[in-house]
Amino acid sequence: MAAVSSFFGQRLSLTRFASPDPAEKRENPCLISSKLKRWERKECKPNSLPVLHKMHVKMGDSVKVIAGRDKGKIGEITEIFKHNSTVVIGEVNLETKHVKSREEGEQGQIVKVEAPIHSSNVMLYSKDKEVASRVGHKVLDDGTRARYLIKTGEIIDSAENWKKLKENKGVAEVATTS
């Protein structure tokens, strides 16, 4: 009777309670983490995709930097990274990068690169009134949701702005393919 390990007449399976192998022990393996640096790896959803954060800014918005080394500078957003809530602003937060030569006889270079800034360090900017403001959301008469600047009441997400962005994106895609 002492040799049988049971609880209320049921056999105990030791595999259920055994600790997993250290090689198998991985918490939420994120497939996209190869694009991120080791210290930038983020928490993942159950389908092993990174959690993407909602931000108050979008591509093409004019913003003003409100914190950091480049405080007070104004620029347009050129790139967005939703996995770590950072944005790249044209001609703002420039860093020097030393590039090695790739071929014999070619010179190495020192290049200025735009580095990302956290989205909490930027505010939307109105070029007309020259003021930075927080963003609000409202429903327009035709039923569409739009973002607007709280201080000035200026609507950011208008149909004209979207057409301009799409035209600029189409021109950029044609230039890169040719």
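How many bridges join strand β3 to strand β9, and in which direction do the two strands run? Select residues 62-65 for β3 and residues 122-126 for β9: three bridges join them, and the two strands run antiparallel. In this pair, valine 63 stands opposite leucine 124 of β9.

Before moving on, note that this is a predicted model, in which local features need pLDDT of at least 70 and side-chain atom pairs count only at pLDDT 80 or more, while totals for chains, interfaces and linings use all residues. Residues are numbered from 1 along each chain as its sequence is written, and side-chain values use heavy atoms, with hydrogens and water left out.

**The whole chain**

Read from the N terminus on, the elements follow the order β-β-α-β-β-β-β-β-β-β-β-β-β-α. Of the 178 residues, 23% are buried, where buried means under 20% relative accessible area, exposed over 50% and partly exposed in between (1.4 Å probe, protein chains only).

**The sheet**

Next select β8, β5, β4, β3, β9 and β10, which in that order form an open sheet with antiparallel pairing; two strands count as paired if DSSP finds at least two bridges between them. β8 (117-118) and β10 (131-133) stand at the edges, each with a single partner strand, so one side of each is left without a neighbour in the sheet.

**The nonpolar core**

Now show the side chains of Val57, Val63, Val87, Ile89, Val122 and Leu124, which have the most contacts inside the largest nonpolar core, a set of 14 residues. Such a core is a set of buried Ala, Val, Leu, Ile, Met, Phe, Trp, Tyr and Cys residues joined through side-chain atoms within 4.5 Å. Strands β3, β5 (86-89) and β9 each supply at least two residues of this core. Centre the view on isoleucine 89 and look for its contacts (heavy atoms within 4.5 Å): beyond four places in sequence, isoleucine 89 touches several residues, among them Val63, Val65, Ile77, Ile117 and Val122.

Select arginine 147 in strand β12 (residues 145-149). Is arginine 147 buried or exposed? Arginine 147 is buried, with a relative accessible area of 5%, and its side chain makes a polar contact of 3.0 Å with the side chain of aspartate 61. A polar contact here is a pair of N or O atoms within 3.5 Å; within protein, one must be able to donate a hydrogen and the other to accept it, and residues adjacent in sequence count only if both atoms are side-chain atoms. Leaving aside neighbours within four places in sequence, the residues in contact with arginine 147 include His56, Val57, Leu124, His137 and Glu154.

Then turn to arginine 134, in the loop between β10 and β11 (135-139), which is exposed, with a relative accessible area of 58%. Apart from residues up to four places away in sequence, arginine 134 touches Met123, Tyr148, Leu149 and Ile150.

**Serine 126**

Finish at serine 126 in strand β9, which is buried, with a relative accessible area of 0%. A polar atom of the serine 126 side chain lies 3.4 Å from the backbone nitrogen of lysine 129. Not counting residues up to four places away in sequence, serine 126 touches Val131, Leu149, Thr152 and Glu154.

Conventions
Helix = DSSP H or I, 4+ residues; strand = E, 2+ residues; numbered from the N terminus.
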